[in-house]
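Please walk through this structure with me, one feature at a time.

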There are 2 protein chains.
Amino acid sequence: MIAPNTPAKGEQTRQRILDGATRMFADASFDKVSLRAVARSVGVDPALISHYFGSKEGLFDAVLEGALQPERAESLVGEQPREEWGRSLVRYADTIWSGAAGRPMLAVARRALAGHPEMMSKFASRVILPRISGVLDGPEEERRLRASLAGSQMVGFIMARHVMRIEPLASLTTDAAVDLIGPTIQRYLTGDLTQS
Amino acid sequence: MIAPNTPAKGEQTRQRILDGATRMFADASFDKVSLRAVARSVGVDPALISHYFGSKEGLFDAVLEGALQPERAESLVGEQPREEWGRSLVRYADTIWSGAAGRPMLAVARRALAGHPEMMSKFASRVILPRISGVLDGPEEERRLRASLAGSQMVGFIMARHVMRIEPLASLTTDAAVDLIGPTIQRYLTGDLTQS
């Protein structure tokens, strides 16, 4: 039987490198992970990692991007009516971080926040927030502010629910979490921010 | 000249131990800090640390409690009209975490979240959240839910603004942050959570 949609070999190798790098960034701090060690752990030449990802920073960003799929967040927002954005984004984030790909990423994110918070910040500012602020209305500075406010609730939601596991937030169903946190994200993205 | 309100010597020693422990928990992971090393760094007998704090976990909790002063959050809420709780708590948190005591605590909290998120969770669940849920109205489970939701926005606000330093949130004045984040905390504490 022929599987017509098998990913090309290059894409498979790239994914194998990302999986290996995720494991290593979850187990050791960024400074202690070398491209050479990642290459060894997945059985490829270190030059191939440089070819695909440029640098260790590039590899780290690709690990985050592969897990968080910010382009899905953007297209998801694009497909939804405006008044559903808050709920859609909470559902999307909760599904990713509680899924199989999210669990190792929680360790990666925790380690990065502890040792290199500026890397998480750069990734958010370069890759995630522009995709959100880009679909909003208004002057650029206001759109950036709205995206960063939504980001603050999203970071806290994931930390409190999936890392600190504070109850009863940690035990809510995704549907309940969407109902409770969604309106906050919605207000930050589209609400009247001068109203208090 | 006699200073009548000089703290008792025991209190001074206790504070000296807390300051030394804060520096050590900021510089090394919880597992690598020993009571013996803290004692050495401030020039006291290790038995004195056990006397004051019981265990390393007790010392760690006291470091967090000394910096975050949850009893101040509670009394502050008690003194304010109900509709000001959200804004008051944001102002209180932002003032603490951007002040002189907050900066070393950011490093302590980052390290703890990376290595021992359950310690931050236990501290929040035992020391901070009950002081908030205790002043709310309604059945206990709902009050606990409200406190944990407010906690999620507070954790995210501090992380995004003071640890990741995501712009433009990081550069806002405290007043502006209070106006933007306060209504979220207010809704979680006293708003209609079924309304979405």
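Rings of Phe, Tyr and Trp (its six-membered ring) pair if their centres lie within 6.5 Å; planes under 30 degrees apart count as stacked, over 60 as edge-to-face and the rest as tilted. Phe25(A), Phe30(A) and Phe60(A) form one aromatic cluster. This is a predicted model: local features need pLDDT of at least 70, side-chain atom pairs count only at pLDDT 80 or more, and totals for chains, interfaces and linings use all residues. Residues are numbered from 1 along each chain as its sequence is written, chains are lettered from A and ligands numbered from 1 in the order in which they are written, and side-chain values use heavy atoms, with hydrogens and water left out.

Over all chains, a search of the whole structure finds eight aromatic pairs. Take Phe25(A) and Phe60(A): their ring centres are 5.2 Å apart and their planes stand at 85 degrees, so the pair is edge-to-face. Phe25(A) lies in helix α1 (residues 9–27) of chain A and Phe60(A) in helix α4 (residues 56–68) of chain A, so the pair ties together parts that are 35 residues apart in sequence. Helices here are DSSP runs (H or I, at least four residues), numbered from the N terminus. Both Phe25(A) and Phe60(A) are buried. Buried means under 20% relative accessible area, exposed over 50%, partly exposed in between (1.4 Å probe, protein chains only).

Now look at chain B. Phe25(B) and Phe30(B) form a stacked pair, 5.7 Å centre to centre with 15 degrees between the planes. Both are buried.

The charged end of Lys56(A) sits over the ring of Phe30(A), 4.5 Å from its centre. For Lys56(B) and the ring of Phe30(B), the distance is 4.4 Å. The test is NZ of Lys or CZ of Arg within 6 Å of the ring centre and within 35 degrees of the ring normal.

Turn to the backbone. The peptide bond from Glu167(A) to Pro168(A) is cis, with omega near 0 degrees. Pro168(A) is found in the loop between α9 (140–163) and α10 (174–190) of chain A. Arg165(B) has a positive phi of about 55 degrees although it is not a glycine.

How do the copies relate? A rotation of 180 degrees with 0.0 Å of shift along its axis superposes chain A on chain B, at RMSD 0.0 Å. The two copies are thus related as by a two-fold rotation axis. Superposition is by least squares on the C-alpha atoms of residues with pLDDT of at least 70 in both.

Conventions:
Helix = DSSP H or I, 4+ residues; strand = E, 2+ residues; numbered from the N terminus.
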